[in-house]
Amino acid sequence: MTLSSIKAQTTQDDMINILAEYDKNTSALCNQNTKANWDVQTDVLNEALVEKQNAIILEYSNVRKEWFDRYFKDANIDSYTDPDVKRKLKILKDIGTAALSDADLTNLNSARNRMSTAYNSARICPFGKPNCDTSSEGLTLDPDIELLLSSSENFDEMKWTWEQWHEKSGKLMRDDYKIYIEMMNKAAIANGHDNAGEMWRERYEDDQLIEKVDKLWDEVKPLYNELHTYVRNQLRHLYGDKIDKKNELIPAHLLGNMWAQNWVHLYDRIKPFKNASLVDVTRTMEEKNFNVRKMFEMSDDFYMSMGLPSSAMSYSDKAVIEKPEQTIACHASAWDFCDGEDFRIKMCTKINMEDFVVVHHEMGHIMYFLLYKDQPLIYKTGANPGFHEAVGDTIALSVSTPQHLETVGLLENYADSEGDNINALFHMALQRVAFLPFGLLIDKWRWDVFSGDVPESQWNKHWWDLRERYQMVQAPSTRGEEFFDPGAKYHIPADSQYIAYFVAHILEFSFYRSLCIEAKQYDPLNPSVKPLHKCDFYQNKEAGKKLQDGLSLGFSKHWSEALQELTGESDMSASALMEYFAPLQDFLKKQNDMSQILEDYDEKIQVQCNELVKAHWEVATDSENTTKQEAVSEAVVAYANFTLDFFESSFKGVNPDDYTDEVVKRQLKYATQVGRSILPTDDLENLTRISNGMMTTYNTAKICPHNQADCDLATEGLTLDPEITFVMSNSTDYDELLWVWTEWRNASGKKMRSEYKKYVELVNKAAVLNGKNDNGEMWRESYEDENFTDNVDKMWSEVEPLYNELHTYVKRKLEKIYDKEMDKDSDLIPAHLLGNMWAQSWVNIYERVKPFASGSLIDVTENLQTKFNVLQMFEESNRFYMDLGLENNDMSYNETLGAVIEKPTDRVITCHASAWDFCDGNDFRIKMCTSINQEDFVTVHHEMGHIQYYILYKDQPSILRTGANPGFHEAVGDLIALSVSTPGHLKKIGLLDDYKDSEEDNINALFKMALERVAFLPFGLLIDKWRWDVFKGDVAESDWNKHWWDLREKYQKVKAPNERSEDDFDPGAKFHIPDDTQYIAYFIAHILQFQMHRALCITAGQYDPNDPAKPLHKCDIDGSKEAGEKIREGLKLGLSKHWSVALEAMTGEKEISGEAVMEYFKPLYDFLKSENEITEDKPSQLIPIVVGSVIGAVVIIGALVYGIVRYQRNKQSKVL
């Protein structure tokens, strides 16, 4: 039959014949057109194939247009009664781009081909190699760029890759896209539409499509919002200050996918239950030696098990299922060659779970092709454009279940716990739910562009407006109109509608629910027994029959009829999707709600903490001001009331283990314990008064000078700092030292014993209210170590041999000085002879007991006084930190910002050096009565270590802004002091002259360091051992002072120089007792500092355990950015991780050990051991020990201390 003979016949029977002839002709041309397109897509750089395709497209278009003009354009649909004829004519009246003239169609096809070529051939240079040769070194999207974005955790590398891909793809096609828009709109108008967007939407046969997809989005948006919030919180944990915590948008390059449309590659990093079974069978596939064909055969088996036909032809020799040598469009796709026989898949398949699921998805398209292959060509498509995608995704839902993966032997030991189920749903949501807004917005953008609602001058802006509105993601860098970021997505240059994917992601769950009910794998009335998300209809023929009934219709009926066949419903709804993810949504909401509560708490607690710290600061810098003391009491009560109220309303009864987010869990661990604030108001106020009273006693204590017992204390009395400290440091008069030692205890500790008894009662009461047995147990909780007391004993046992040798040597030296006063038969040293009020540091007797009298004197005080003022000492310290690549600390010593770095003359202040964190992330200060001497020079560096720690963890939640454990803060400052005190460093900065670096100098330097660091260790241990025993009640109040001296004799091997009774309270003569500051932290710090120092010295290349020329005690890390980076990585964690994580970041070790202490002092230990073996009738056999270059000799009188207040207490650090 010829066209001319058909044209005049218009009866219904003739139209049926016309349509049959049209189907025959167009099927043949469709086959040729598809083959030509296939050839281009599998060899995209072959220009000859592109020209051939263009010619075939033109021929195909012309034939369709000729038939349209002669028979369909003017056909009156209402004149026919056959519903099939009417439907076909309605479809054929819209011929799409075939309505264009030859010139316009050629223009359109050329523009599309140029855009596709730009996309498919785009290559970028790798991160760090911006000027690479892209032909040999360039990265392609698939697999290089996609693999990088899915696996990299480097923020900057991902940002670079994202920017470069958009630069090399989308940006190059903007001009062609203008042509494309013009031609597409021209085609739409020729088909009777206002614009191409309207023409596209016509395919859905629904005038309310825009409203319907908006309604569907509104239904699923609550679930997406919960998922987005949870993922955003996890990414904040991963990337820290690189993400603005106040910004609800997620940087688009961080979600594991170029377009942030699929977040599944983040799964391992952010999954809720870290120890639940891993639902990723990639490794199993590799272990089982899977090849690509095996993946396709397993997919074919799935469909056949449901009673459906084989799809084997789709992955036969004509198909492309692995990436060939030539450049192809690797985007996975299924192809129908219009002849009812030839169906192929094109895919650059990789052996992983993602592609395993994609194979099943693509074969879903093939199955749809097979089931409607007997329909006329015009009906060989999905019931609406979303159906095709939905079919493959429906199968993927079943294939992805742990149950199915177990059935086919790809998953083992799946526990099916709550954690496993939530993880499986979360994994699925990262694919399906995360995709939804992207699936919606692409065509919303194109509809707006087609309609002209968005001018070309705002194309890129509108793209990001929509992405921010729907996906809640933002570009990682500024995107102007010089870019064309939509073009960086395949479907834009490929002219492929995208709303179908959004619709498909809704429909798939409707299909899935229906098939699961049919297979009796899901009961909507009893979802807890057989939850929807566990359904696998593999091998179920009933489900296969239902699928076949719906799909075989193709486009022959309105999509609502196909939907009715498949689901029993005639309209699209997201109810099945929400039903599927209901357990996950409930879980995420609970997690996110608590995260929001904690964010609210964090914001408010910063204000409260700031007020509290400011009140404490005012008292510390004006100690005798009673008005300010009263203000502290008020601030403490206000703070306590706030924390208690928040505890009652939000944290009481909360179990931290109910939450999977480690940061949330850690915050709750501390937020659910309110410390002293739990006390009734009267008790809390009483405790505050007692604490203030004891501190006032301590801070205002004065004594009369020796031989002036009846002095006027107001005018002649000696204060602890500096007068008493000076006497203890410099006097060699046994009686004067005894007088000062005794009188200080009478004036301080003795006066507070009764108050301390009340203090113990109240802090124990608070501990019991917090669920602890006593205050000691509550204190030890901060170390997160059930065996803490045993472990500190172990640390002591590791360093005790060194202390014993040092003690023995010093005792013998002192016996020569105090020959008549000391009992040579006693192993104990009188406590007042060691140059320090508490015998915690012996450095002040160095000149009297040093091993080699001729050794160089390492004291740079004179040079400091010549070259530095107080401010310059702080500036030099700041330089040290900044040269490590760390943060600027200059605000901490800026007196215009409130710092105090010199002793005021107009008021009494607490002169103990301390560093303060004012809880607002900006205000950090040092309080110090600085003298220009070597001791204070090192102290400045120490205090600035606290400041550096504050700054590095300032972006953590407030409750986690503290040291990894209480010893870390002190260790950081002392760690820096180890470098600063080396002769090498002091010489480097121009403070040390004429240092010989002899063997004697080295021993002397180590000896001086040991008098300060090693001598401190037993005192650092015993103070809290005494308090733990007191808090626990193991020591009766009537034996407090006796037990104090028992411990001092056991550990320090010192004894009281006169009789002590229970009328005395000698513990109170030490600042940290009335100040209520834990002390074991200083013991831990003195161990940790050497462990950290050793690791950082190795990193800086300044220490080699196997190279005697680089001994540990000579190491100076000044200027090492590598060491600074390790410091940063450990300190920025604050309390957000267990201390072992921070320790590992800095040292590579997870346990605290005294080994580095022994390693550092090994030359001295050998020397002392040899000297101590000498008897009176045996001359010294000392052989000089060669020890490399000398270490600096001087440090501070006492190791510095940090007494950070975590909300209940003052945020500051103090000297030991």
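Let's call a salt bridge a side-chain nitrogen of Lys or Arg within 4 Å of a carboxyl oxygen of Asp or Glu. By that rule there are 74 salt bridges here. Two housekeeping notes before you click on any. This is a predicted model, where local features need pLDDT of at least 70 and side-chain atom pairs count only at pLDDT 80 or more, while totals for chains, interfaces and linings use all residues. Residues are numbered from 1 along each chain as its sequence is written, and side-chain values use heavy atoms, with hydrogens and water left out.

**Stop 1: a few salt bridges**

Select R666 and E784. Their side chains form a salt bridge, 2.8 Å from N to O. This one ties together distant parts of the chain, 118 residues apart: R666 sits in helix α26 (residues 662-671), and E784 in the loop between α32 (775-780) and α33 (788-817). (Helices are DSSP runs of H or I with at least four residues, strands are runs of E with at least two, and both are numbered from the N terminus.)

Are R666 and E784 buried or exposed? Buried means under 20% relative accessible area, exposed means over 50%, and partly exposed is in between, using a 1.4 Å probe and protein chains only. R666 has 9% relative accessibility, so it counts as buried. E784, at 18%, is buried as well.

Next, pick E847 and K850. Here the closest N and O atoms of the salt bridge are 3.0 Å apart. E847 is partly exposed because its relative accessibility is 46%, whereas K850 is buried at 11%.

Now jump to R925 and D923, another salt bridge, with closest N and O atoms 2.9 Å apart. R925 is buried at 11%, and D923 is buried at 18%.

For something with several partners, select R174, D175, K178, E456 and E481 together: salt bridges link them in a network.

**Stop 2: the annotated binding site**

Which residues does UniProt list for "binding site"? The unreviewed entry gives H361, H365 and E389. UniProt positions are in the numbering used here, feature names are shortened, and annotations may be inferred rather than shown by experiment. Although these residues are spread over 29 residues of sequence, they cluster in space, with a largest C-alpha distance of 7.9 Å.

Zoom in on H361, in helix α15 (residues 353-371). H361 is buried at 9% relative accessibility. Beyond residues up to four places away in sequence, H361 touches E389, G392 and D393; contact means heavy atoms within 4.5 Å.

H365 is in helix α15 too, and at 7% relative accessibility H365 is buried. Leaving aside neighbours within four places in sequence, H365 is in contact with A334, H388 and E389. Show the side chains of H365 and H361 and you'll find a polar contact between them at 3.2 Å. (A polar contact is a pair of N or O atoms within 3.5 Å; within protein, one must be able to donate a hydrogen and the other to accept it, and residues adjacent in sequence count only if both atoms are side-chain atoms.)

**Stop 3: the annotated active site**

For "active site", the unreviewed UniProt entry lists E362, H491, E943 and H1072. Zoom out for this set: spread over 711 residues of sequence, they are also spread in space, up to 71.1 Å between C-alpha atoms.

Center on H491, in the loop between β6 (473-474) and α20 (499-518). H491 is buried, at 2%. Apart from neighbours within four places in sequence, H491 is in contact with H331, R446, S496, Y498 and Y501.

Finish at H1072, in the loop between β12 (1054-1055) and α43 (1080-1099). H1072 has a relative accessible area of 0%, so it counts as buried.
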